Amino acid sequence: MKKAFFVAVAMVCASASAAPFVWPAAWSADAPSAAKKGGELRLSTISDYKTMNPFTSAEAESIPGRLGTGTGLFTQDPRNDDFIPYMADKDPVVSNNGKRFVVTIRQGMKFSDGQEITADDWVTTAKIHMDKAVGSNSYSSFYLNDKPIKVTKLGKYQLQFDFPQVSSSALSRLSYTPWPDHVFGKVYNSGGAAAIKQMWTLNTPVNQIVSPGMWNVDSYRAGERTVFEKNAYWGEWNKDSAGNALPYLDKMSMRIVSDVNAGIAAFIAGQLDQIGASTADQLAQIRRAVDGGNLKAEILANVSPQASSTWITFNWNKASDPFKQKIFRDVRFRRAMSHLADRDAMVKLVYGGLGSPSYFSLYPVFEKAWAPAGVPRYEYNLDAATKLLAEMGFKKKDKDGYLVDAQGRRLEFNLSTNAGNNQREGLMRLFADTAKKVGVKVNAQPIDFNVLVNQLTSTGADRPFDAILLGLSNGANIWPFGVNVVPCSGNLHSYNTSGKCLTSQEQLMSKLYDQGDQELNIARRKTIAGQLLKVESELQPVVYLASPNYHVVYNSRLGGAYPRNLMDAYYTSRTQALTFIK
Amino acid sequence: MLPFLLRRLVNSIPTVIGATILIFFIIQLAPGDFLTSQLLNPNISKEQIDNLRRNFGLDQPLIVQYFYWVKNLLQGDLGLSFAYQQPVLNVVAPRVLNSLYLVLFSTLVFYVIAIPLGVYGAVRQYSIGDKITSTLMYFLLGFPSFFLALIVIYFILQIRFATGWDIPVGGMTSQNYDDLSTLGKFLDVLKHVAIPAVVLAIGDVAGTTRVLRGQMLENLNADYIRTARAKGVSEFKVVYKHTFRNAIIPFIAGIGGLLPALISGAGFTEVVFSYPGITPMLLDALNSQDLYVIAGFSLVGILLLIIGNAVSDILLSVVDPRIRYA
């Protein structure tokens, strides 16, 4: 009995100490037996890399971001959105009412220079990100309501994370990329933030760059191309379901293509393996090349809506013009405006049919999982709009055909969007045209982007605009509401930035936001999301319009894409680990 | 000559000071700053943006920022790029070098085509050849260079499909560049630079050819040429020694602009051919309001213009014996 117990313990220890992470076969449409080894994945990006330094990097597409591919204590499974242990050995031990996470680190992981990845790397990385003087882009993710997350080393392979409050995004927040303590730790201790900022610039020889992830920098050519090579040490703890080391690819290159047309041309010429086509015109060009027999490529149009939103917001803080302020604060007016948005026409005319209508602050790509059926939608309906406006007192029309109230004041407002964005300008004009049909005068005007943003984020009782058409993107599906958007104190609480909630619904939404943000159970979070969406939709503080769709286009020589049902704008179309060249 | 150059140097000091003021404050006229677009990120807090603004010195009054910049300029420091977190010179230098290959090659092609065509058009005025080139030139005058580049890319793709030849459609090097020998590397870059350079040169040839042709004609009909011919000077000498030398004087005067043009890149041709030159980077910097990249680069351009003008004045005195600087 005793002996059997020891054997069992020994077996558990052995499997725990050297067990690799096995990439589920279901994450690829191709079986592991079909995969070939070697080759180069050729991708492109629109603007040049700015730095190799993970602590100063600020852009979505970056060298540190690529080096961090295949890192993080936990990773999200695209099949069910669950977080599964990745660099962590097993699920975390949660205590202290959901505020303390003790995580055991997988053993046998190494940086690209052969040094082991241990608890120190996570502690040092967090310390540097949290230093204000460094100015890291990840700074905010280590703070909740200005209170820091505490990262403590319990042992070489054990970490403890203490959150100042319960956070639904806890697992995502602690899944940051660990950077080598043996490279950054010493520099930070002796030179502080200033020394960290000088490290790993674009002029740093690439053999000095140490990667924790799947890729290592092979060469960097300014403005032209960056080539990554596989980190063989990563393959020691990342295996496919047949036990082969990953990635299958030897290399991955990112070419800088500053013009979208040049990118499409390079893809059609077979020089790129994947391209982010976004318009009907671009898809048609590629389709022609495929039909002409000049290119073998897979074109999957309308895979999902994009993770973005486009909307019109009305200014509630307009002390200088009480008439307009009263209109904008009237829920009937905003519902009428939603009835005036001909979302189908917007999708057809502005996005060439490649878009999706949207009704909530929730990005349409998350609607299927997060929006319950009963949430009210104020769809395109001119009669309903006319009726609501009549209830507000706008019954008669003046000699120009615009609605006026009993005192003869015309229903009229200015609407602006950023000049140069053709799609937004198109949406704005379409909205203004439909509004005219029922007698609402919309003075549509494109203005400079930065002026627009400053107007939108201005604060106080009197802000310098009537209505603005803009868009947002970024965000995850864990708690898919913006911390800057929903609570009344947020600087993107665009309709009312007075700092105080002006309606009970806003108060309720702020409360529901916090509730959901502090709920660890996803099913309960979804219930709260449903309540929040219902309040939001009834209040209709912002009129949501439509989003463009996400398309997947790749050269047929690529294998290992996600099965079609796993692809969407959030999880994209494949993991690079399971991608191979046929 | 030396006193003249010294006088030039002293004169250029107020010009440069004026230029720094104009550059710095005109850029600041644009609304917003480098961090404005960050305000639209739903996950970055206002506090963090304020923190970055402090780190970048963008919270200081403009006049303070200006004098700070000038102080650094005097120490030879053009400032720090916000986006790259690096000194501007380090960021800009490799791109300028790339542009230099393209611009030098294209300038060479440009003169090789423009001068003979201009001379030919004048010497064989109204011949069939002159008429054909004239018509072609008028067509080209109407094409913006980036549009010509787009058309060329379309035809390259068609040729690739039809023949299977590996004609580059953009970039500066091939995917396997790092594995090539030194000669192979040189040829590879040449192959990539050739097409944009020729497109760029042809786009510019039209104007110059027309002007040169006009200049040549004016001089060919002058009295001193008739005198030369009457003296029995050979036709070759008449055209190239007497006429041509006079005809190119306006072009020599324009050489001053060539020096800044060498570093300022090939414009939209670089963007369309996704060439890693300075233009895509400057456009990026303009878009994101990376203040010191734009300011620093503009200032370098102005310094080169001042030097270039001095050089072209010296060259003028060499070509035209009537000009003397006392």
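In the predicted model, chain A and chain B bury about 4,300 Å² between them, 51% of it on carbon and sulfur atoms, where buried area is the accessible area (1.4 Å probe) that two parts lose on being put together, summed over both. Of the area that chain A buries against chain B, A:Lys50, A:Arg225 and A:Asn450 supply 12%, more than any other three residues. Contact, defined as heavy atoms within 4.5 Å, involves 60 residues of chain A and 50 residues of chain B. Residues are numbered from 1 along each chain as its sequence is written, and chains are lettered from A in the order in which they are written. Because the model is predicted, local features need pLDDT of at least 70 and side-chain atom pairs count only at pLDDT 80 or more, whereas totals for chains, interfaces and linings use all residues; side-chain values use heavy atoms, with hydrogens and water left out.

Two salt bridges are counted between chain A and chain B, a salt bridge being a side-chain nitrogen of Lys or Arg within 4 Å of a carboxyl oxygen of Asp or Glu. One pairs A:Lys50 with B:Asp284, the closest N and O atoms being 3.7 Å apart. The side of chain A that touches chain B divides into 22 nonpolar, 26 polar and twelve charged residues, with Ala, Val, Leu, Ile, Met, Phe, Trp, Tyr, Cys and Pro counted as nonpolar, Asp, Glu, Lys and Arg as charged, and the others, Gly among them, as polar.

As to confidence, chain A has a mean pLDDT (the predictor's confidence in each residue, from 0 to 100) of 91, with 97% of its residues reaching 70 or more. Over residues 1-17 of chain A, however, the pLDDT is below 50, and beyond near neighbours in sequence this stretch has three contacts in the model. Where pLDDT is low, the predicted coordinates should not be read in detail.
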